[in-house]
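Student: I have a model open and want to learn how to read it. Where do we start?

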Amino acid sequence: MTTKAADILVAIILLGFGLLVAWDSLRLGSGWGMEGPKAGFFPIVMAAIALAGCVVVIRQAMKGTSSVKGGKPFVPAGGMKPVLTVFIPACGMVLLTEVVGLYVAAMIYLAAYIKIVGGYRWRTVLLVSIPIPLIFYWVFEKLFLIPMPAGMFGAQILPF
Amino acid sequence: MDILTNLLLGLKVAGEPYNLMVAAAGLILGVIVGVLPGLGGANGCAILIPVTFVMPPVAAVILLSSLYWGSLYGGCICSILFNIPGEPWAVATTFDGYPMAKKGQAGRALSAAFFAHFCGAVVGTIALTFFAPVLAAFALRFGPPEVFGVMLLTFSAFVGLVGKSPIKTLVATAFGFILAAVGIDIVSGELRLTFGLTPLMGGFNFIVAVIGLFGIGEILLTVEEGLKFEGVKVRMRWSDITSTFKDMGRYWKILVLGSFVGVWMGFKPGGATPASFMAYGFAKEGMSAEDKAQFGQGHIAGIFAPEAAAHGAGTSAMIPMITLGIPGSPTAAVILGGLMIWGLQPGPMLFVDKPDFVWGLIASTWYGNIIGLFMVLAFAPAFAAVLRVPFAILMPLLIFICAIGAYAVNNRMIDIWYMMMFGVIGWAFKKLDYNMAPMLLALVLGDMAESAMRQSLIMSQGSLLIFLQPPITLPLVIAAAIIGSWPWVSPLWGRMRGQGKPGAK
């Protein structure tokens, strides 16, 4: 995808969100209520600015007067793979957090990433992935008493 | 004098052993987040906010502001040794800093940068100490229309002066306000923009947005560009520091000019980046021809000017934050968000209600910058070593830490997902020139701006004329209109003048 196409696509998505906002603001009422402007007043002003802005952005992209260079690929060659190798495992960690809690998920995520993507020896992998989440566990849960998500089974896995 | 008594009070508060310890911890963490690309002061503060819940507000603000100063100091280590600007305002430093480092003068370049930071800090802190109370006293008279006028000026400054695409800045700002409006309307109590979805009812927290936009987004950009951390090794020698003193004696004018440009520009939102480039430009212009040729090859003044300006701007960004409740930089915005979480109402009343808090903060700025200078001078090589941790280990750790920060704000699992979502938004927006600083600021200030607008309209019973009321609101709104329309007016103006002169292109 060229940067120009991405520029237009993002503006169209934003345009869609702007329309949603405008629609909900109209539902709430954007005029003058019993005690001043209604709840939809401020959002609809902002939606109007956003919508008008998006139209200009699309027009600039079409005419090639946008500040970004339209002809270049949006993601440079060979750039998508590293982005996805970071993003997908990170999402995997968040998904795992829902099940086993943040600390256990972090251990699995760190170990898997350092081993598979980094290609380090098991000694390095274990020296990073086990102690560091445990240190954070101790600092947050014990020292500052800030609970982290335990997931469905996290409380059983880290019961201390 | 009133200010001096208050400053003494602040120095006593900030000088308590616990607060000094907190300041030192904040500085160390700050230098580390400043060194790491992808983690800046804003992100570091956002992640630390949950930790501050267990502290008294004074210690909490000292922790965050010290982290801020530390991140300013740390940023130049990255740009000089690795040629990677950790923050946009460190770009100008790479022009001369990295060439110097490659020539084996890394120690001299770093020492120059640190002392330049200190100069900027001193000028900025003097402004903070003596100008902030005056401004706060003036702002005490502000009602809702004036507050709205200040907000308008703030955001039009972003549109008119900052960023490559004014129209995209406007769109980003509007969406920042829209995100802030999601959830329960503070005035009527109605649910807005939730579309019947339960996760949306809690709204979007700006801390989560900071961590996503500036943390995850930056990490994605870094890996996409495939940055290699090939740093120059550094050793700080005593001779580096003494030679810096000589250089400072020679280029003191550039240091002072840079600091003042920084403080002046930093007062306005988003001013640090233009300030550092302006200072660099001024320094270059003021040089003799043979010195000018040296610029870009590793001239010491090319480090002095932008670094003094960046730190001066960073410091003076705290002035509107503490007096008006309008932060001048993303990091100041996060600190402002912290204030709200700790139950303090930002704005001029802080100077009246919480003198120990305000003056503790101001005094800790003095301490923090002095301690910070010695810290980076002594331990710069150690901090630079953080970047020698292999990226495949550093990166997952950063994401883990970001997740902790995002969750801890409200103890909501959905926030970690929002963080990932904001990460993608930050990645795409940065590539398409959407300016994220005003979006973030709009998210922080959304409630305040909206209630100022609605209260003003209630006061005037719906008449917009209340925003054109002298003596304060009218000039603010006129200034906002001029600055905000500048990107469109100035080419027109140029064309009109061009037509006036025959033969001009």
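Student: What share of the contacts in chain A with a separation of 6 or more comes from residues 24 or more positions apart?
Tutor: 58% of them. Keep in mind that this is a predicted model.

Student: Which elements make up chain A, and how do they run from the N terminus on?
Tutor: Chain A has seven helices and two strands. The order is α-β-β-α-α-α-α-α-α.

Student: How does the radius of gyration of chain A read against a compact globule?
Tutor: A compact globule of 160 residues would be near 15 Å, but chain A has 24 Å. Along the principal axes, its C-alpha atoms fill a box of roughly 60 × 50 × 25 Å. Buried residues account for 35% of the 160 residues in chain A.

Student: What does the domain assignment of chain A give?
Tutor: Domain 1 covers 3-63, and domain 2 covers 80-157. Their C-alpha centres lie 39 Å apart.

Student: What does A403(B) touch, beyond residues up to four places away in sequence?
Tutor: V94(A) and L102(A) from chain A, plus I416(B) and M419(B) from chain B.

Student: How many residues does each chain bring to the contact between chain B and chain A?
Tutor: Chain B brings 53 residues, and chain A brings 53 residues. On the side of chain B, several helices supply at least two residues each, among them α3 (41-52), α7 (166-181) and α9 (206-225). α19(B) gives the most, with 11 residues. By type, the side of chain B that touches chain A divides into 38 nonpolar, five polar and 10 charged residues.

Student: Now a single residue. Is G97(B) buried or exposed?
Tutor: Count the C-beta atoms around it; 20 or more others within 10 Å means buried. G97(B) has 32 within 10 Å, so G97(B) is buried. This residue lies in helix α5 (residues 91-139) of chain B.

Student: What is G97(B) in contact with, leaving aside its neighbours within four places in sequence?
Tutor: C76(B), S79(B), I80(B), A109(B), A113(B) and I303(B).

Student: How far apart are G97(B) and A428(B) in sequence and in space?
Tutor: They are 331 residues apart in sequence and 30 Å apart in space, C-alpha to C-alpha.

How values were computed
Residues are numbered from 1 along each chain as its sequence is written. Chains are lettered from A and ligands numbered from 1 in the order in which they are written. This is a predicted model: local features need pLDDT of at least 70, side-chain atom pairs count only at pLDDT 80 or more; totals for chains, interfaces and linings use all residues. Helices (H or I, at least four residues) and strands (E, at least two) are DSSP runs, numbered from the N terminus. A residue is buried if 20 or more other C-beta atoms lie within 10 Å of its own, exposed if 12 or fewer, and partly exposed in between; C-beta atoms are placed from the backbone. Two residues are in contact if their C-beta atoms, placed from the backbone, lie within 7 Å. Domain bounds come from an automatic or database domain assignment. Ala, Val, Leu, Ile, Met, Phe, Trp, Tyr, Cys and Pro count as nonpolar, Asp, Glu, Lys and Arg as charged, and the others, Gly among them, as polar. The radius of gyration is taken over C-alpha atoms; the globule rule is 2.2 Å times the number of residues to the power 0.38.
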